[in-house]
Amino acid sequence: MDIKAKTEKTRTTLISLVMLGIAWQLAALGLADSSVLPPPAEVWAILVGEWRSGELVFHITQTLKRVAAAFFLAMGIGSVIGVVLGKMPALDRWLDPWVVFFLNLPALVVIVLCYLWIGLNETAAIVAVALNKTAMVIVIMREGVRSLDPDVAEMARVYRFSAWKRLRHVLIPQLAPFISTAVRNGLAVIWKIVLVVEFLGRSNGVGFQIHLYFQLFETGYVLAYALSFVAVMLALEYALVQPWEARARKWRRVQTPA
């Protein structure tokens with residue numbers, strides 16, 4: 001993406017966010033009840049106060065740690081299983097019902113069962129989130145392996161590529177778009193499930209704070225913590241995920257001779 005396109009995209013994103021803020025302000029004025037929907041300025045004041053006190057930074061950090069642990073666990077296990085199932089159709093036929101089962105198992109059920117079986121601790125929280133995401137990663141990576149170009153694999157065989165070269169120059173480049181899709185979906189799903197995990201059984205984190213202020217009927221604080229973490233995830237999306245996805249897809253573009 002060239003500089004002009006990036007500038008245009010940034011400008012469009014900012015305008016879109018401003019329009020969202022205006023719609024929020026109008027809705028708050030229409031309701032005329034800050035206990036139901038506080039205006040943006042009030043939520044911003046709460047957010048700044050929580051930031052200065054250190055509470056916001058602490059709880060966001062705790063949530064990010066859980067998101068990172070569950071994300072890498074789900075991506076690692078799911079990618080390996082997905083590649084294996086894509087390469088071994090016979091095994092895939094046997095295990096496909098298992099994948100479908102875990103894919104459709106409600107996240108709330110997994111969270112509750114992990115807390116019952118493992119206990120109300122950090123391990124249960126991370127395992128519950130990872131289990132909810134792993135099946136999705138398996139499906140995405142399995143489809144990626146099924147779409148691999150056999151001609152490229154044959155070329156690697158003819159030139160006697162080592163296992164490392166096959167992985168680096170044949171498998172990963174072709175799977176890169178699927179990996180980026182799994183990463184994007186993973187971040188979008190995992191952080192939401194982490195908030196539910198914290199809501200139900202943790203003593204810190206953004207989800208815990210939302211639960212606390214929900215009990216106190218403090219809508220402004222609920223919005224402040226929710227929107228602060230949404231902002232963090234949007235920053236990760238635009239700063240890391242989208243640039244990496246663009247690089248991952250770059251090799252697929254057909255280069256026309258000048």
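Figure 1. Tyrosine 221 is partly exposed at 25% relative accessibility, whereas tyrosine 213 counts as buried at 13%; buried denotes under 20% relative accessible area, exposed over 50%, and partly exposed the range in between (1.4 Å probe, protein chains only). The model is predicted: local features need pLDDT of at least 70 and side-chain atom pairs count only at pLDDT 80 or more, while totals for chains, interfaces and linings use all residues. Residues are numbered from 1 along each chain as its sequence is written, and side-chain values use heavy atoms, with hydrogens and water left out. Tyr213 and Tyr221 belong, together with Tyr225, to one aromatic cluster.

**Figure 2. Aromatic pairs.** A pair of aromatic rings is described by the distance of the centres and the angle of the planes. Rings of Phe, Tyr and Trp (its six-membered ring) are paired if their centres lie within 6.5 Å; planes under 30 degrees apart are stacked, over 60 edge-to-face, and the rest tilted. Six aromatic pairs are present in the structure. One of them is the tilted pair of phenylalanine 199 and phenylalanine 214, with 6.3 Å from centre to centre and 50° between the planes. This pair links distant parts of the chain, as phenylalanine 199 in helix α8 and phenylalanine 214 in helix α9 are 15 residues apart. Phenylalanine 199 is partly exposed, at 30% relative accessible area, and phenylalanine 214 is exposed, at 52%. The rings of tyrosine 213 and tyrosine 221 are stacked, because their centres are 4.5 Å apart and their planes lie at 20°.

**Figure 3. A nonpolar surface patch.** Leu108, Val112, Leu116, Trp117, Ile118, Val196, Phe199, Leu200 and Phe214 make a nonpolar surface patch of about 910 Å². Patches consist of residues with over 30% relative accessible area and no salt bridge; like charges are joined within 9 Å and nonpolar side chains (Val, Leu, Ile, Met, Phe, Trp, Tyr) within 5 Å. A salt bridge is a side-chain nitrogen of Lys or Arg within 4 Å of a carboxyl oxygen of Asp or Glu. Accessible areas come from the Shrake-Rupley method with a 1.4 Å probe, and for residues only the protein chains shown count as cover. Helices α5 (107–118) and α8 (163–201) each supply at least two of the patch residues. The greatest contribution, five residues, is that of α5, the helix in which leucine 108 lies. Helices (H or I, at least four residues) are DSSP runs numbered from the N terminus.

**Figure 4. Arginine 202 in the loop between α8 and α9 (206–215)**. Arginine 202 counts as buried because its relative accessibility is 15%. A polar atom of the arginine 202 side chain lies 2.7 Å from the backbone oxygen of leucine 120. Beyond its neighbours within four places in sequence, arginine 202 is in contact (heavy atoms within 4.5 Å) with residues including Arg66, Tyr115, Asn121, Glu122 and Phe208.

**Figure 5. Serine 180 in helix α8**. Serine 180 is buried, at 1% relative accessibility. The serine 180 side chain reaches the backbone oxygen of proline 177 at 2.7 Å. Not counting residues up to four places away in sequence, serine 180 touches Trp244 and Glu245.

**Figure 6. Phenylalanine 217 in the loop between α9 and α10 (219–250)**. Most residues other than glycine have a negative phi. Phenylalanine 217, although not a glycine, has a positive phi of about 60°. Phenylalanine 217 is exposed, with a relative accessible area of 70%.

Definitions and conventions
Polar contact = N/O pair within 3.5 Å; in protein donor to acceptor, adjacent residues only side chain to side chain.
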